[in-house]
Amino acid sequence: MSYNPKYDGMIVDLPQEPIDSPIEEEAEPMPPIDALGDILAPAIKQIVEVVQCPPSVAYHSILAAATYAAQNKGSVLIDGRTVLLHSFFVTIAESGCRKSGADYWAMKPVKDFERSLGLKYNNLKKEYDTKKEAYDALKKRAGSNAKTVAERVSAIESLGPEPIPPKTPILLP
């Protein structure tokens, strides 16, 4: 005997065997992991092992990460217009399938690379700021004893070209 709120507190006998569902779940087809080659296939297998997610979730995460990493390598010419490659991925899986964990490990190399670019830029920016400050100070003093505009221009030109700032990285999340 077990309690069922449907019967407003009455105790009734409920069947103990599972009820046949009219909707039968089909086994999830195995994605063609080995078709992704010597780099991506082992990454998928490692994510499945570490994250304990279904192979299809790991497959999707790796495919999305690889596409993200490669999309700046080409473009498409349509009607004379150049269109950049881009992809959008949506993972549809039940809660608890470890989608976030699979995405984290699939995108980790990309995030690490982006972080290294950010650190490199910060170092180059500090170096540029120092050179620019020194250049501006010298430029301000250059030709201070000059008697003509031509002498002042000559003194400023003798400093050489102004330091060039590093390219600002543009990384989209």
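A disulfide is a pair of cysteine sulfur atoms within 2.5 Å. The legends below use this cut-off among others. The model is predicted: local features need pLDDT of at least 70, side-chain atom pairs count only at pLDDT 80 or more, and totals for chains, interfaces and linings use all residues. Residues are numbered from 1 along each chain as its sequence is written, and side-chain values use heavy atoms, with hydrogens and water left out.

**View 1. The cysteines Cys-53 and Cys-97.** The structure holds zero disulfides. A disulfide is a covalent bond between the sulfur atoms of two cysteines. The closest cysteine sulfur to that of Cys-53 belongs to Cys-97 and lies 8.5 Å away, so the distance is too far for a bond. Cys-53 is buried, with a relative accessible area of 5%; buried means under 20%, exposed over 50%, and partly exposed in between (1.4 Å probe, protein chains only).

**View 2. The whole chain.** The chain has four helices and four strands, where helices (H or I, at least four residues) and strands (E, at least two) are DSSP runs numbered from the N terminus. From the N terminus on, the order of elements is β-β-α-α-β-β-α-α. Of the 173 residues in the chain, 17% are buried. The chain exposes about 14000 Å², and carbon and sulfur atoms supply 59% of it; accessible areas come from the Shrake-Rupley method with a 1.4 Å probe, and for residues only the protein chains shown count as cover. Among contacts between residues at least 6 apart in sequence, 54% join residues at least 24 apart, a contact being heavy atoms within 4.5 Å.

**View 3. A nonpolar surface patch and the surroundings of Trp-105.** Val-50, Tyr-104 and Trp-105 form a nonpolar patch on the surface, with about 330 Å² of accessible area together. Patches are made of residues with over 30% relative accessible area and no salt bridge; like charges are joined within 9 Å, and nonpolar side chains (Val, Leu, Ile, Met, Phe, Trp, Tyr) within 5 Å. Trp-105 belongs to helix α3 (residues 99-141) and is partly exposed, at 42% relative accessible area. Gln-46 sits in helix α1 (residues 37-51) and is also partly exposed, at 44%. From C-alpha to C-alpha, Gln-46 and Trp-105 are 9.5 Å apart in space, while 59 residues separate them in sequence.

View 4. A salt bridge of 3.9 Å, N to O, joins the side chains of Lys-111 and Glu-114. The term stands for a side-chain nitrogen of Lys or Arg within 4 Å of a carboxyl oxygen of Asp or Glu, and the whole structure has eight such bridges. Both residues lie in helix α3, three residues apart, about one turn of the helix. Lys-111 is partly exposed, at 36% relative accessibility, whereas Glu-114 is buried, at 15%.

View 5. Asp-136 pairs with Lys-132 in a salt bridge, with the closest N and O atoms 3.1 Å apart. These two residues lie four residues apart in helix α3, about one turn of the helix, and Asp-136 is partly exposed, at 35% relative accessibility. Salt bridges that share partners also join Lys-108, Asp-112 and Arg-115 into one network. Arg-115 and Asp-112 are separated by about one helical turn because they are three residues apart in helix α3. Arg-115 is exposed, at 52%, and Asp-112 is partly exposed, at 30%.
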